[in-house]
Amino acid sequence: MSSRHWTRSVKSALDIRLLALLLLELALGSLAGSRRGGTWIYSGLRGISLLEPATSSSGNSDLPGIVDVRTMEASSLCSSLKGLSQGQEKLCQLSHDHMPCVARGAKAGIHECQHQFRHRRWNCSTSNDESVFGPVLDLGSRETAFVHAITAAGVVYSLGRACRDGQLSSCGCSRSGRPKDLNREWIWGGCGDNLEYGYKFAQSFVDVRERERSYKRRSRQHGRSLMNLHNNEAGRRAVIKSSKVTCKCHGVSGSCSLITCWQQLASFREIGDYLLDKYDGATEVKVNRRGRLSIRDPRYSLPTANDLVYLDDSPNYCFANTSLGSLGTRGRTCNRTSSGIDGCNLLCCGRGYNTQKSTISERCDCKFHWCCEVQCSTCNKSVELHTCK
């Protein structure tokens, strides 16, 4: 989608309710109110118990269904969601029916982070406190950059799908403009995912946490705030960039006499894959004299708004360090024959590995018998399990 189409789509998606949210964000930008401990992502893990799951009307399995909380008291719901900042709680009270989407988007981001890093030394493990990921997020590292990006992307994704499915009263199908390169004979008008609304609400809700505090210019806190805002935006843009135009044929006996097209979200796995590439190519930055982020090493290219940036080097995840939130890799399962990041040499940090033989039982020699039963035998299989020393 061209930038002109995107700008026009965003403007057309702004209703009175969303404008109120944006105005609130601007107002909060000048406040220096106190911030609660923890993070809004906490609502995706623990606060989700307040927002019981429901089945999505579309039957789509990418994200869980959205819950109708319109009958709940806004103040009681929002005060129960731990980890929200002052501004986020106010936005929650204005649009408390959006909070199940926000929570499920955060949870989807956490699950995707754990999938993408399952074979790496840091495997996106979570803690039981309101920080969600523990002290590791106190550092402005690549890992922190990815967490901010993937959870922001999850909120856009969840809200965009909820709008399409009619789960929210303030939005509906996408009203994005027709792509210029679309075949003139094809109809632009299917019910697309509302990326525009999801983007703007996620921008208001996620970013207000950084904008409501006033930090000393060029301080470490100021740099972290700028870094978080940049990576939040990169995550939201990843959803837009990964979206695609989907078309469907209509006609008698598949004649395809009529073709309808609409904007559709990519799978969240594709978005996670995209952001993992950005993680691998993240750019180290610093706060310059003007109070802005600039690249630390001028030999590297300037990062775009789609790229991830970080301030601090990652800690050594090979060994456990509670103060840094590193669990180490001791006891982690590794692949003895792999030379990649999941291989025992890299994952175990050169310490070696233990090998344990075990026998597992699995179904085998399955046969279909008419009608209608499948009968299988049980086979024993000897396997070797390798774990880091």
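S125 sits in the loop that runs between α6 and α7, where helices (H or I, at least four residues) and strands (E, at least two) are DSSP runs numbered from the N terminus. This is a predicted model, in which local features need pLDDT of at least 70 and side-chain atom pairs count only at pLDDT 80 or more, whereas totals for chains, interfaces and linings use all residues. Residues are numbered from 1 along each chain as its sequence is written, and side-chain values use heavy atoms, with hydrogens and water left out.

With a relative accessibility of 17%, S125 counts as buried; buried means under 20% relative accessible area, exposed over 50%, and partly exposed in between, with a 1.4 Å probe and protein chains only. Once its neighbours within four places in sequence are left aside, S125 is in contact with V132, F133 and L327, contact meaning heavy atoms within 4.5 Å.

A cavity is, on a 1 Å grid over the protein atoms alone, a set of points where a 1.4 Å probe fits but cannot get out, and lining residues have an atom within 4 Å of a point; the points are joined across faces, edges and corners, and the volume is the space filled by probe spheres set on them. The lining of the second largest cavity consists of R121, W122, N123, S125, Y317, G325, S326, L327 and G328. By class, this lining has three nonpolar, five polar and one charged residues, where Ala, Val, Leu, Ile, Met, Phe, Trp, Tyr, Cys and Pro count as nonpolar, Asp, Glu, Lys and Arg as charged, and the others, Gly among them, as polar.

Not counting residues up to four places away in sequence, L275 touches F146, A149, I150, A153, A234, G235, A238 and L308.

Helix α7 (residues 142-164) contains T151, which is buried at a relative accessible area of 1%. The T151 side chain reaches the backbone oxygen of V147 at 2.6 Å. Beyond its neighbours within four places in sequence, T151 is in contact with W40, I41, G105, A106 and G109. Helix α7 also holds G160, which has a relative accessible area of 0% and is therefore buried. Leaving aside residues within four places in sequence, G160 is in contact with D193, N194 and G198.

Some residue pairs can be described by their separation along the chain and by the distance between their C-alpha atoms.

| Pair | Separation in sequence | C-alpha distance |
|---|---|---|
| G87 and R209 | 122 residues | 6.6 Å |
| R290 and R218 | 72 residues | 8.0 Å |
| G160 and G172 | 12 residues | 8.9 Å |

Of the residues in the table, G87 is found in helix α5 and is buried, at 0% relative accessibility. R290, by contrast, is in the loop between β4 (283-287) and β5 (293-295) and counts as exposed because its relative accessibility is 54%.

C349, with phi near 60 degrees, is found in the loop between α11 (344-347) and β9 (353-369) and counts as partly exposed at 22% relative accessibility. D365, with a positive phi of about 50 degrees, lies in strand β9 and is exposed, with a relative accessible area of 55%.

For the protein chain as a whole, there are 11 helices and 10 strands, and buried residues make up 49% of its 389 residues. Among contacts with a separation of 6 or more, 70% are accounted for by residues 24 or more positions apart.

Technical notes
On a 1 Å grid over the protein atoms alone, a cavity is a set of points where a 1.4 Å probe fits but cannot get out, and a pocket is an open set with protein on both sides within 12 Å along at least five of seven lines; lining residues have an atom within 4 Å of a point. A polar contact is a pair of N or O atoms within 3.5 Å; within protein, one must be able to donate a hydrogen and the other to accept it, and residues adjacent in sequence count only if both atoms are side-chain atoms.
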